[in-house]
Amino acid sequence: MWIRSTMAYRASFVMTTVGNFAATALDFAAILLMFSRVDALGGYTLPEIAFLYGLSGTAFGLADLAIGSMDRLGRRVRDGTLDTLLVRPAPVLAQVAADRFALRRLGRVTQGALVLAWSLTRLDIDWTAAKLLLMPVMVVSGCGIFCAVFVAGAAFQFVAQDASEAQNAFTYGGTTLLQYPPTVFAKELVRGVTFVLPLAFVNWLPALYVLGRPYPLGLPRWTAFASPLVAVACCALAGAAWRVGLRSYRSTGN
C-alpha cells in the first residue's frame, strides 16, 4: 500500500530518493575531506575505509529499508494507536515494520553499494573462494544484526515509550561507528561492540579477514565466519524481547 502511494507521485519519489542519497553521501564526503590532509587514518588507507564504509552502509541501508519504521512504535504506545494493529489478522511486528514504508531509503542502499564497488576497484585483495563467499554473507548477516537491533530497540520502547533517540544511538550511531577502523577507538569500546552488542560482526571482523588485516583484541581468524551465527542469535534474542514487550503492553487506558 505504501509503495503504491509513493509511486503515485513519481517526481516526488525521485527527488526524495536523491535527497536521501545526497544526505548519506555527506558522511563519505567528510571522510574524503579527512584524507585531503592525511594519508592514513588509524593505519588504514582511503580505499580500505571506503570498504568498511560501503559494507556498513549497504547492510544498514537494507535493514533500514525493511524494518526502519520500528522507531515509530514509541509514539503508537504513547497515544494508544498500537491497539489498532493488535486487532488485525497479521503479525504486529510485520505491521509496525511496514508502517509508512519509505521506498526513498533505497538512496542509502545505493550510496553504500557505490562506495563499496569503488573501494573494490582500488584495493589489491588476494581473492580466494572463502573471501568471495564472505562478501555477500557479510551484507546479509550485517543486515540481520541491524534488524535485530531495530527490533530490540522497539521492544525497549514498550517500557520507555517514546525512546526512539536512544534506539537511534545504536542503529544510526552503530553504522557510523563501523564506517571507521577499530584502530581509532579505545579497546573498551571495541570490546563492547564485539562481546556485548556484537556490531563488530557486521563488517569489522569479516572485512579485516578480506583485507588481510590483524584482528582487534587478538581474536582467532575463524571469527570472520561467525557473522551468520551471530545474526541468528541476535534475531532470536530480539524476537524474545519483542514478545516480552508485546505481552507487557497494557494500552493507554481511557
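How are α8 and α11 oriented to each other? The structure is a predicted model, in which local features need pLDDT of at least 70, side-chain atom pairs count only at pLDDT 80 or more, and totals for chains, interfaces and linings use all residues. Residues are numbered from 1 along each chain as its sequence is written, and side-chain values use heavy atoms, with hydrogens and water left out.

The axes of α8 and helix α11 (residues 204-211) come within 10 Å and cross at roughly 155°. Here axes are lines fitted to C-alpha atoms, for helices over the stretch in contact, with angles from 0 to 180 degrees between N-to-C directions; helices are DSSP runs (H or I, at least four residues) numbered from the N terminus. The two helices, α8 and α11, are therefore roughly antiparallel to each other (angles under 35 degrees count as roughly parallel, over 145 as roughly antiparallel, 65 to 115 as roughly perpendicular and the rest as oblique). In this contact (heavy atoms within 4.5 Å), A130, K131, L134 and M138 of α8 meet P206, A207, Y209 and V210 of α11.

Helix α8 (residues 129-160) also approaches helix α3 (residues 46-67), their axes coming within 8 Å and crossing at roughly 50°. Accordingly, α3 and α8 are oblique to each other.

Within α3, F51 is among the residues that meet α8. Beyond its neighbours within four places in sequence, F51 is in contact with residues including L116, M135, M138 and A207. F51, L82 and W242 have the most contacts inside the largest nonpolar core, which has 67 residues (a set of buried Ala, Val, Leu, Ile, Met, Phe, Trp, Tyr and Cys residues joined through side-chain atoms within 4.5 Å; buried means under 20% relative accessible area, exposed over 50%, partly exposed in between, with a 1.4 Å probe and protein chains only). To this core α8 gives the most, with 14 residues.
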